[in-house]
Amino acid sequence: MERIILGQLQDPAHIDAIQHFARYDWVAGLLQGKVLDLACGVGYGSQILQKGANHIEYFGGDISSESIETAKKHFDSSQVHFQEMD
């Protein structure tokens, strides 16, 4: 799975999607301070990490301007920041 698109995940039981979400869940409990998520896609990982981690400031970066626009629209907050970057 190259990129998960919000609202367009055809089969939520797809093994690639399950593994992808599980990675965010696993690392969430290990985080503190500032987090940089490169290739963050549409930013859904920021929400998973914010729920599972204590007091993190999340910075997400992706090469796709469309993905960053979507991330900002759905997940941007005072502790979550997105920027287009290569």
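## A bridge in the sheet

Leu-36 has Phe-59 as its bridge partner in β2. Strands here are DSSP runs of E with at least two residues, and helices are runs of H or I with at least four residues, both numbered from the N terminus. This is a predicted model, in which local features need pLDDT of at least 70 and side-chain atom pairs count only at pLDDT 80 or more, while totals for chains, interfaces and linings use all residues. Residues are numbered from 1 along each chain as its sequence is written, and side-chain values use heavy atoms, without hydrogens and water.

## The sheet

β1 and β2 (residues 56–62) pair in the parallel sense over six bridges; two strands pair if DSSP finds at least two bridges between them. The open sheet has three strands in the order β1-β2-β3, with parallel pairing. Its edge strands, β1 (33–38) and β3 (80–84), each pair on one side only.

## Helices on the sheet

Helix α2 (residues 44–52) lies across β1, β2 and β3 and runs at about 165° to β2. Helix α3 (residues 65–75) packs on the sheet and touches β2 and β3, its direction making about 165° with that of β3. Contact means heavy atoms within 4.5 Å. Axes are lines fitted to C-alpha atoms, for helices over the stretch in contact, and angles run from 0 to 180 degrees between N-to-C directions.

## Phe-59

Phe-59 belongs to strand β2. Phe-59 is partly exposed, with a relative accessible area of 30%; buried means under 20%, exposed over 50%, and partly exposed in between (1.4 Å probe, protein chains only).
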